[in-house]
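These are my notebook entries on one model, written as I went through it. I took side-chain contacts, the sheet, helix packing and backbone angles in turn.

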Amino acid sequence: MDKLFDSILKNTSSQDKWIYSCYSNEKVNIDFIEEKEFQLFRKTFEEIFEVEWMLQHLDSKPLGITVDTLKKVMSNKDKKHLFLAKMKADYELTHMNNPVEKFTLKDWEGILKNDFPDERLSSVLFINGEVAAYIMLHRSNKTSHYEISWVGLDETYQDIHLLKQLLFYQLRGLQKNGVQTVGIEVDSTNPVAMDLFDFLDLNDKRSWDSYIRVNDNN
């Protein structure tokens with residue numbers, strides 16, 4: 001390992017940083033990588049929960065706001081533009097240590113479509129003509145299981161309770177469609193997602209940890 005890493009780290013001609021990932025319980029790997037001056041910058045939590053259990057731990061207060069399906073949003077030029085711009089900004093903001101390439105909104109529309117969200121069950125909330133909150137849902141190979149991916153909250157409102165109410169609304173919809181479990185993937189660099197799922201006690205669970213070492217010579 002020492003020889004391998006020394007060889008990699010000597011190649012500084014085209015690299016401005018290196019990233020190494022492992023599970024949070026891999027102590028030997030973590031000790032080794034920290035000796036090489038890598039620093040933890042992101043923890044990723046991947047867990048599966050029962051829909052019924054999550055519903056019991058969420059605010060059941062009605063939204064009182066019309067929920068747009070992703071399909072409806074993408075068929076409206078103005079709403080599609082606002083949503084794609086918001087999604088793009090949110091993703092870039094939560095990936096500052098490992099920045100994404102500069103893509104146009106048209107590119108981001110392709111990225112979203114290639115991620116195959118369920119356009120019928122994924123939801124976007126608009127308040128005063130702006131994207132207030134959104135949660136994307138994805139089908140899986142099992143009809144009784146779904147995945148939760150992209151989530152976002154308007155910077156002006158910052159009402160995490162609104163986002164939790166939207167999640168409750170969606171989980172009820174999944175339950176009515178026979179879905180029993182949902183999977184989540186949450187990065188610690190995304191404070192909105194961490195706050196949304198704070199009732200899951202993710203910090204007590206195993207995570208996929210990413211470490212970074214920056215090349216100061218570039």
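I looked up Leu 171 and, leaving aside neighbours within four places in sequence, found it in contact with Val 51, Met 54, Leu 55, Leu 58 and Val 182. Contact here means heavy atoms within 4.5 Å. The model is predicted, so I note that local features need pLDDT of at least 70 and side-chain atom pairs count only at pLDDT 80 or more, while totals for chains, interfaces and linings use all residues. Residues are numbered from 1 along each chain as its sequence is written, and side-chain values use heavy atoms, with hydrogens and water left out.

**Cores**

I then looked up the largest nonpolar core, which has 39 residues. Leu 171 is among those with the most contacts inside it, as are Ile 135, Ile 148, Leu 163, Leu 167 and Phe 197. A nonpolar core is a set of buried Ala, Val, Leu, Ile, Met, Phe, Trp, Tyr and Cys residues joined through side-chain atoms within 4.5 Å. Buried means under 20% relative accessible area, exposed over 50%, and partly exposed in between, with a 1.4 Å probe and protein chains only.

The elements that give two or more residues to this core are β2 (39-50), α3 (51-56), β4 (123-127), β5 (130-139), β6 (145-153), α7 (160-176), β7 (181-187) and α8 (191-196). Helices (H or I, at least four residues) and strands (E, at least two) are DSSP runs, numbered from the N terminus. I find that α7 gives the most, with eight residues. Apart from this core lies another of 14 residues, including Met 74, Leu 84, Val 131 and Met 136.

**Sheet**

I read the strand order as β1-β8-β2-β7-β6-β5-β4-β3, an open sheet of eight strands with mixed pairing. Two strands pair if DSSP finds at least two bridges between them. The edge strands, each pairing on one side only, are β1 (17-23) and β3 (67-69). The twist averages 20° from one strand to the next.

I also went through some of the pairs. β1 and β8 run antiparallel and are joined by seven bridges; Tyr 23 has Trp 208 of β8 as its bridge partner. β2 and β8 are also antiparallel, with five bridges, and Lys 43 is partnered by Asp 209 in β8. β6 and β7 pair in the parallel sense over four bridges, and Tyr 146 has Val 182 of β7 as its bridge partner.

I found α7 lying across β3, β4, β5, β6 and β7, at about 35° to β5. Axes are lines fitted to C-alpha atoms, for helices over the stretch in contact, and angles run from 0 to 180 degrees between N-to-C directions.

**Helix pair**

How do α5 and α6 pack? Helix α5 (residues 77-93) packs on α6 at an angle of about 85°, with the axes 10 Å apart. That makes the two roughly perpendicular, a class that covers 65 to 115 degrees. Among the residues making the contact are Phe 83, Leu 84 and Tyr 91 of α5 and Trp 108 and Leu 112 of α6.

**Backbone**

Most residues other than glycine have a negative phi. Phe 116, in the loop between α6 (105-114) and β4, has a phi of about 55°. Phe 116 counts as exposed, at 64% relative accessibility. Asn 128, in the loop between β4 and β5, has a phi near 50° and counts as exposed at 71%.

Technical notes. Angles under 35 degrees count as roughly parallel, over 145 as roughly antiparallel, 65 to 115 as roughly perpendicular and the rest as oblique.
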